Amino acid sequence: MDRTTSLLARAGSIHVVAPSGPVALDRLQRSLAYLRQRCPQPTLAANLAVREGYFAGPDSLRLQALQLALRDDRAEVIWAARGGYGVTRLLDRLDPGPLRERAKLLVGFSDITALLGWALTTCELASIHGPVVAQFAELSEDDRQRLWTLIDGEIPEPLIAEADASVLHGGRVEGRLIVGNLEVLRSLIGTPFLPSLNGAILAFEEVGERPYRIDRALTQLLASGALRGVRGVAVGQLHQCSEPETGGSQGWSAREVIEDRLGRLGVPVVIGLPFGHAPGRNAALGFGVMARLDADQGALEQLEPV
């Protein structure tokens with residue numbers, strides 16, 4: 001199958017996987033109705049209805065189901081049903097051979113950040129940092145169409161920052177785009193699955209982490225040298241990342257932490273793009289593709305298809 005034919009077939013051949021947390025079946029069913037408009041018969045992993053603690057089944061079952069998807073010759077897209085936690089426990093046992101022999105498009109975010117990093121570092125394979133299947137029905141129509149645009153192998157419109165966005169440093173830079181959840185990226189430090197950020201544009205989002213924990217994650221990224229050579233930073237949603245109301249001093253906000261930690265980099269930084277965990281919005285972005293960050297305009301532009 002040549003690349004043109006493969007791109008046209010992508011949306012018609014989807015394999016839904018659950019390598020991390022357990023899936024809420026009611027949310028999944030609502031979203032599958034939208035998915036089936038483009039792919040009438042998606043393949044569904046055997047563990048989608050399984051729950052074991054905070055996983056969608058034991059490691060062995062999740063690993064088996066994910067490896068089966070990687071080997072699925074009919075599938076062009078492997079799309080995570082949800083994030084949660086758990087895929088990092090599988091990475092050192094995943095066989096990248098099937099992806100090297102026949103590339104597939106991986107789609108997901110949150111905990112799936114680690115799987116996207118694995119694909120890029122082991123197979124030099126770009127992916128899509130975008131909505132998980134269970135989230136799809138709850139998104140704006142614009143975000144759903146943006147994801148289909150990426151899956152179809154086209155370049156989407158530039159992503160524009162929200163009205164309340166702030167610019168820490170202006171400027172315009174280009175580089176390979178690495179997108180992910182901040183805490184998951186931090187957890188990949190010291191593993192072979194964290195892509196190099198040297199010469200890259202880093203885009204990250206976070207959910208449910210208090211400002212001091214965002215401080216800790218950024219401090220570790222800085223101290224480890226992971227941010228050495230980064231050309232620009234685009235910050236997405238910081239959903240529910242505030243201090244609880246205790247009646248005392250609230251300390252720094254998440255944005256103030258980012259300004260303090262990333263201000264020293266001296267590169268363009270924009271805070272407030274519409275991707276991440278906040279309800280209703282999660283704009284998809286290419287992971288591992290060339291992009292341009294125009295901090296003065298609050299715009300993140302993809303320069304090549306996935």
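Reader: What makes the span of helix α3 close to the one expected?

Author: In this predicted model, helices (H or I, at least four residues) and strands (E, at least two) are DSSP runs, numbered from the N terminus. The expected span of a helix is 1.5 Å times one less than its number of residues. Helix α3 (residues 59-71) has 13 residues and covers 18 Å from its first C-alpha to its last, close to the 18 Å expected.

Reader: On which conventions do these values rest?

Author: Residues are numbered from 1 along each chain as its sequence is written, and side-chain values use heavy atoms, with hydrogens and water left out. Because this is a predicted model, local features need pLDDT of at least 70 and side-chain atom pairs count only at pLDDT 80 or more, while totals for chains, interfaces and linings use all residues.

Reader: Which residues of α3 are called buried, and what covers them?

Author: Buried means under 20% relative accessible area, exposed over 50%, and partly exposed in between, with a 1.4 Å probe and protein chains only. In α3 the buried residues are Asp-59, Arg-62, Leu-63, Ala-65, Leu-66, Gln-67, Ala-69 and Leu-70. Contact means heavy atoms within 4.5 Å, and the cover of these buried residues includes β1, β3, α4 (97-101) and α5 (113-123).

Reader: What makes strand β1 covered on both faces?

Author: In β1 (residues 14-17), Ile-14 and Val-16 on one side and His-15 and Val-17 on the other are all buried.

Reader: How do you know which strands pair with β1?

Author: Two strands pair if DSSP finds at least two bridges between them. Strand β3 (residues 77-80) is joined to β1 by four bridges and runs parallel to it, with Val-77 of β3 opposite Ile-14. Strand β2 (residues 43-44) also pairs with β1 in the parallel sense, over two bridges, and there Thr-43 is the bridge partner of His-15.

Reader: Why is the unit of β1, α2 and β2 called right-handed?

Author: A crossover is right-handed if, with the strands pointing away from the viewer, the path from the first strand over the helix to the second runs clockwise. The β-α-β unit made by β1, helix α2 (residues 25-35) and β2 is right-handed.

Reader: What is the order of the open sheet, and why are β6 and β7 its edges?

Author: Its eight strands have the order β6-β14-β13-β8-β9-β10-β11-β7, with mixed pairing. β6 (159-160) and β7 (166-169) each have a single partner strand, so one side of each is left without a neighbour in the sheet.

Reader: Which pairings show that the sheet is mixed?

Author: Strand β13 (residues 290-294) pairs in the antiparallel sense with β8 (residues 172-181) over five bridges, and Glu-174 stands opposite Arg-292. β13 also pairs in the antiparallel sense with β14 (residues 299-302) over four bridges. By contrast, β10 (residues 232-239) and β11 (residues 269-271) run parallel, joined by three bridges, with Val-269 the bridge partner of Val-233.

Reader: How do you know that the chain agrees with a compact globule?

Author: The radius of gyration is taken over C-alpha atoms, and the globule rule is 2.2 Å times the number of residues to the power 0.38. For 306 residues a compact globule would have a radius near 19 Å, and the chain has 18 Å, which agrees. Buried residues make up 57% of the chain.
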